[in-house]
Each structure stands twice: as C-alpha cells, then as structure tokens.
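Please look at the sequence and the structure below, and keep both in view while reading. The paragraphs that follow go through selected parts in turn.

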Amino acid sequence: RRPPRSTLFPYTTLFRSVAAASALREGGHKGKIILVNEEACTPYERPPLSKEMLTVPDAGLKLIRRPEWYAENDIDLLSSTRVLSIDADRKIARLADGDQKAIVYDKLMFATGARPRRLSDFGDDVIYLRTHNDSLALRNRLVEVENVVVIGGGVIGLEVASSARSLGKHVTVMDTADRLMGRVLAPCISSLLQTLHETHGTEILFGAGQLTREGDSILLENGRRFQADLIVAGIGVLPNDELARQAGCRIDNGIVVDQCGRTSVQDIYAAGDVAALHHPAYDRMMRIETWQHASRHGGHVGRTMMGFDDGYRQIPWFWTDQFGVNLQMAGSADGADQTVWRGGPECGTAFHFAGTRLIGVTTINNGRDMRPAIQLIESGWRGDCRELVDESIALPKLIKQILRTMQR
C-alpha cells in the first residue's frame with residue numbers, strides 16, 4: 001500500500017551526505033531533506049579514527065556539524081536507521097525499522113560509502129577499522145596487548161601501525177605487495193614511508209603470501225611465525241552498492257554516475273567512495289576513496305540535484321599523518337615515469353610526471369605547496385620539469401607565471 005500522502009513532500013531528498021544537505025540549503029532549497037544514518041551517533045569525521053582516537057584516551061568524536069545544525073536547517077536526521085529497499089518506479093524508500101515505514105521521495109542520493117574487505121578463515125576477533133565503534137574497540141584492545149600485527153600496507157594499516165608504535169607496542173606490518181601504499185604513491189615515496197616506519201621500530205614484511213591463523217600466532221608459508229595478540233586488517237574496501245543495484249542502477253565497481261553524479265536511474269544520484277565516475281583529468285573511470293573527495297563530491301552532487309549541470313573535475317587529494325610526519329598526495333602517481341623534488345624528502349614537494357605532463361604531487365611536511373600544485377595539475381600543464389625545482393621563486397608565484405603563460 002502506498003504510504004500516506006502526508007509523507008510526500010514537494011521536493012524530498014533521501015541521502016546520507018551532510019555535504020549534499022548543506023549544499024542544498026546553501027543553494028536556497030526550501031523543500032524537505034531527510035538524511036538516513038545507519039550509525040547511532042551524529043555524523044562525524046573518519047580520519048581521526050586511526051590516529052587521535054587510538055592514542056588520546058579521552059578523545060571524542062569530531063562531528064561534521066554540531067547536533068543542533070540539523071534542526072536549525074530543517075533537516076531530518078534519522079540515526080540508527082537503515083534503508084531496506086528502493087522502489088525506483090514508485091519512488092518509495094522502505095526503512096528497516098520494524099514497522100516497514102516508507103518514505104516517498106522526489107530525488108534520492110546514495111552516499112552509502114564502502115565497507116572493509118574481510119580476511120577469510122581468520123575468525124571474528126580481527127579488527128577492521130571503519131566506524132567509531134571499531135575505533136573504540138581497537139583502542140580498548142591496544143591497552144591490553146603487546147604484539148600487534150597489521151595486515152595491509154595501505155593508509156589505514158600504516159596509520160594504525162604508527163599509533164600502536166606510539167603506545168609502545170611491537171608492531172609488524174604484512175603486505176602481499178612489494179612496497180607500501182603501492183596503489184597511490186610513487187615508488188620513491190613508498191620507500192621514504194618504509195624508512196620512516198622502520199626507523200620508529202615497525203617491522204615490515206612484503207610478499208607475505210598465504211597467511212594462516214594459529215591461536216595467537218600468524219604463520220607464513222615459509223614457516224615463519226609471528227606472535228599476534230591483536231590483528232588489524234586494512235586490505236581495502238568494497239563499495240556498498242547493493243541497494244543501488246536492487247534499485248536498478250548500473251553497477252561497475254561501484255555505482256556508475258556521470259560527471260554530475262546522476263546514476264542510470266532517473267532522479268537517483270550517488271556521491272563519495274561508492275560512486276564510480278569518469279574523471280576528465282585522467283580519462284578513466286575512478287572510484288575515489290578519500291575523505292576530501294566524499295565531502296567535495298557530496299556537495300557537488302547536491303548542487304546537481306538543484307538543477308546545476310557542471311561536471312565534477314576536482315583532483316583527488318588525501319593526507320596522512322604518521323609518526324609526526326604529514327604526507328599529502330594530489331592527483332595520481334600511476335603511470336608516472338619521472339619524479340623531481342623541490343626541496344628535500346624531509347620537508348619538500350615531489351612532482352610526478354608522465355612524459356612532460358604533470359599528473360601528481362606529493363608533499364612531505366610542506367602542505368603549503370599543495371594548493372598551487374593542484375592548480376597546475378588541473379590546468380593539464382606540460383613542460384620541462386626543471387621549471388618547478390627552482391626554489392628562488394616561491395611556488396605560488398612560479399605557478400601563477402606558468403598559468404599566465406598558458407593563457408596567452
């Protein structure tokens with residue numbers, strides 16, 4: 001039976017993205033906004049979960065918006081609530097709250113994110129870090145244990161390793177790859193990161209191969225055994241696209257969207273790391289798994305829902321803090337055949353080139369270079385890499401000169 005007409009608002013939007021909700025209100029949207037949140041707590045920032053939340057005993061959540069903001073902006077925040085199914089033809093979302101409550105929507109946006117990949121045959125006491133509750137569980141366990149094994153040399157695994165080492169734990173990082181954060185960093189940056197961890201006492205094992213759990217130990221194929229009082233796995237994520245698939249949306253390693261966030265189903269949109277989009281700067285489909293992208297893309301798609309039609313072009317960018325070192329990466333190092341440094345690896349900027357085209361930038365304790373560097377990547381600049389290493393000219397001024405020359 002169709003829900004009562006009283007639930008059908010002139011312009012109802014069902015979504016989980018606070019950025020999109022904010023963009024709608026800032027853009028002048030007056031209609032109803034419903035934000036469905038599976039977790040019990042008010043929406044919060046995730047980056048601290050693998051850092052301050054683990055090392056500072058009384059660290060609390062860093063909220064995206066204060067709790068009163070939702071009511072002040074006439075946004076219905078439905079926490080501890082999950083969407084059970086979508087009827088895209090009738091534009092009805094049914095909630096899994098026991099009484100099968102239904103919401104009639106005009107436009108709907110999926111910002112369902114991703115979930116951690118899980119290890120097979122490792123039992124239920126492996127910690128996968130994604131939510132506030134996961135972080136609390138890990139913090140409590142770190143107080144009790146001495147030997148921590150982190151499986152996965154990506155950003156989450158390495159941040160956990162850094163946090164655990166700062167607490168005095170013996171930490172071993174295992175990865176099947178041959179370098180750290182190999183999907184996103186240039187080899188020279190991976191090497192710097194490895195040196196940083198090993199200098200601080202982290203044991204790193206590459207080419208781990210098949211791992212076997214035996215009690216409180218992990219056994220390698222070669223017979224080597226590691227004490228593992230606690231196992232943390234950070235081996236990537238899977239997009240939460242099942243609900244979108246059920247609604248009829250096209251799926252290909254995430255919910256396929258156009259440059260404005262529109263799915264293949266009319267009036268349904270997707271944003272953040274669940275969305276697979278064609279990025280014009282790299283001419284390929286991408287599913288971008290960064291917090292910064294989730295915020296920017298959510299806001300962009302929120303504006304699309306109001307009728308704006310400008311394509312998303314933001315360059316991917318992420319940061320990580322490990323052992324007091326801030327590393328930021330923008331663009332892509334995939335396909336780079338040359339890296340040049342401005343300054344040194346302790347405090348400097350690395351520019352990654354594919355031929356003569358700048359495709360990515362990494363900063364080490366030098367985040368002030370990131371904004372102008374991103375502008376240069378966005379411009380599609382091709383040139384002599386030696387132009388960027390002259391430190392006698394401040395980088396913002398240098399890049400302004402380059403961009404001005406391009407416009408002539």
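In helix H1, the residues Val18, Ala20, Ala21, Ser22, Ala23, Leu24 and Arg25 are buried, where buried means under 20% relative accessible area, exposed means over 50%, and partly exposed is in between (1.4 Å probe, protein chains only). Helices (H or I, at least four residues) and strands (E, at least two) are DSSP runs, numbered from the N terminus. H1 covers residues 18–26, and seven of its nine residues are buried, so the helix is largely enclosed by the rest of the structure. After H1 comes Gly28, which has a positive phi, near 95°.

The model is a predicted one, in which local features need pLDDT of at least 70 and side-chain atom pairs count only at pLDDT 80 or more, while totals for chains, interfaces and linings use all residues. Residues are numbered from 1 along each chain as its sequence is written, and side-chain values use heavy atoms, with hydrogens and water left out. The predictor's confidence in each residue is its pLDDT, on a scale from 0 to 100. The chain has a mean pLDDT of 91, and 95% of its residues reach 70 or more. Residues 1–11 have pLDDT below 50, and this stretch has 21 contacts in the model beyond near neighbours in sequence; a contact means heavy atoms within 4.5 Å. Where pLDDT is low, the predicted coordinates should not be read in detail.

Arg25 is buried because its relative accessible area is 16%, whereas Asp74 is partly exposed at 41%.

A salt bridge also joins Lys32 and Asp76, whose closest N and O atoms are 2.6 Å apart. Lys32 lies in the loop between H1 and strand E2 (33–37) and Asp76 lies in strand E3, so this pair ties together parts that are 44 residues apart in sequence. Lys32 is buried, with a relative accessible area of 15%, and Asp76 is partly exposed, with 28%.

Between Asp125 and Arg213 there is another salt bridge, with the closest N and O atoms 3.0 Å apart. Asp125 is in the loop between strand E8 (114–116) and E9, and Arg213 is in strand E13 (residues 212–214), so the pair links distant parts of the chain, 88 residues apart. Asp125 is partly exposed at 40% relative accessibility, and Arg213 is partly exposed at 22%. Arg66, Glu68 and Glu72 are linked in a network of salt bridges. In the whole structure, a search finds 20 salt bridges.

Helix H4 is the next stop. Which residues of H4 are buried? They are His132, Ser135, Leu138, Arg139 and Leu142. Seen down the axis of H4, these residues fall within an arc of 125°, so they line one face of the helix; the arc is that of the directions from the helix axis to the C-beta atoms. An α-helix has 3.6 residues a turn, so residues three or four places apart point the same way. Asn133 and Glu144, on the other side of H4, are exposed. The buried residues pack against helix H2 (52–55), strand E9 (127–128), strand E10 (147–151), helix H5 (155–166) and strand E16 (230–233).

Two buried strand residues remain. His279 is in strand E20 (residues 275–279) and counts as buried at 0% relative accessibility. A polar atom of the His279 side chain lies 2.6 Å from the backbone oxygen of Gln314. Not counting residues up to four places away in sequence, His279 touches Arg284, Met286, Ile288, Arg313, Gln314, Ile315 and Pro316.

Met329 is in strand E23 (residues 325–331) and is buried, with a relative accessible area of 2%. Leaving aside neighbours within four places in sequence, the contacts of Met329 include Val184, Leu185, Pro316, Trp317 and Phe318.

Technical notes:
A polar contact is a pair of N or O atoms within 3.5 Å; within protein, one must be able to donate a hydrogen and the other to accept it, and residues adjacent in sequence count only if both atoms are side-chain atoms. A salt bridge is a side-chain nitrogen of Lys or Arg within 4 Å of a carboxyl oxygen of Asp or Glu.
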